[in-house]
Amino acid sequence: MRGRFAPSPTGALHLGNLRTALVSWLHAKSSGGDWWVRMEDLDRVTASLAHEADQLAALAALGMRPDGPVVRQSERFDRYRDAIATLHEQGRVYECFCTRREIREAAQAPHGELPDGAYPGTCRELTASARAAHLAAGRTPALRLRADGERFVIDDLMAGRYEGAADDVVLQRNDGVPAYNLAVVVDDAAQGITHVVRGDDLLSSTPRQRLLQDLLGLPAPAYAHVPLVLAPDGTRLAKRHGAVTLADLATRGVSPVQVLARLGSSLGLCAAEDTVTADELVPRFDWQRLPRLPWSLRADEL
């Protein structure tokens with residue numbers, strides 16, 4: 001059994017990130033498995049080694065250390081391009097010349113049961129003349145997967161049974177950078193990841209990844225999508241909400257030990273006032289005990 005935590009090193013981890021990491025780590029350790037960390041640093045403009053070091057330090061401060069070397073997606077572009085070449089050979093790739101604005105407007109239209117933000121296939125059947133016109137206008141295409149209405153049922157350890165359709169997800173951006181959904185399935189297979197624990201905002205993306213796994217002949221891990229942490233205003237917790245990182249909380253006199261207890265309490269594993277270590281929470285971990293609703297922070301907790 002091997003789990004993983006895969007943050008983007010674009011800033012400090014906040015309580016929501018740390019809570020998901022803790023669930024992933026506890027699951028791996030309670031199952032006698034390994035736990036790895038992978039940095040999803042595809043975009044080197046926003047990602048940095050400084051943020052990576054800060055994130056690893058935050059995890060270690062709570063008692064979570066990876067059991068293998070940290071993998072960086074920025075060092076694995078050759079693997080992703082090999083995967084795209086395989087999909088090309090299957091006739092599953094097409095060029096997309098849409099601008100971000102055009103994609104955003106198209107994604108707002110109803111798409112039946114496709115995931116949020118699904119692309120409706122505007123460029124799927126471009127004529128040669130239309131393609132030539134886009135190229136003459138200086139547009140560089142992204143590469144998209146040609147989905148064919150495939151549907152998948154995921155028996156999620158947290159969310160239960162989920163069924164959804166795969167859409168024409170981006171495989172490579174128009175700047176040549178491989179896209180998240182492709183990279184994540186290639187990496188999970190290469191690292192032998194058997195269980196993926198992540199935020200439930202990614203649940204609707206899972207059919208996309210299942211299709212890519214099938215097309216590339218890769219194994220499908222088990223999934224657990226953990227409910228998010230919400231700020232007092234009901235929106236997804238973010239840095240803008242205030243004291244949500246270990247550094248923020250330290251300035252208010254809240255230690256990593258206290259943060260760990262708070263996270264453990266939110267998962268039903270201890271009391272918020274307890275003094276516990278991550279190792280002491282391992283034998284208490286049980287999927288059935290974990291809350292299925294988001295953790296809503298109060299204003300006095302920020």
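Select α6: its buried residues (under 20% relative accessible area with a 1.4 Å probe, protein chains only; exposed is over 50%, partly exposed in between) are N181, L182, A183, V184, V185, V186, D187 and D188. This is a predicted model, where local features need pLDDT of at least 70, side-chain atom pairs count only at pLDDT 80 or more, and totals for chains, interfaces and linings use all residues. Residues are numbered from 1 along each chain as its sequence is written, and side-chain values use heavy atoms, without hydrogens and water.

Now show all of α6, residues 180–190. Of its 11 residues, 8 are buried. Helices here are DSSP runs of H or I with at least four residues, strands are E runs of at least two, and both are numbered from the N terminus.

The buried residues of α6 pack against β1 (2–5), β2 (34–39), α3, β8, β9 (195–199) and α7 (206–216). Contact means heavy atoms within 4.5 Å. Then click G192, which follows α6 and has a positive phi, near 70°.

Move to the sheet. Select β4, β5 and β8, in that order: they form an open, antiparallel sheet of 3 strands. Two strands pair if DSSP finds at least two bridges between them. Which strands stand at the edges? They are β4 (93–96) and β8 (170–172); each has a single partner strand, so one side of each lacks a neighbour in the sheet.

Zoom in on β5, residues 142–145, which pairs with β8 over 2 bridges. Here L143 stands opposite Q172 in β8.

Finally, select α3, residues 77–89. This helix packs on the sheet and touches β4, β5 and β8. Its direction makes about 120° with that of β8. Axes are lines fitted to C-alpha atoms, for helices over the stretch in contact, and angles run from 0 to 180 degrees between N-to-C directions.
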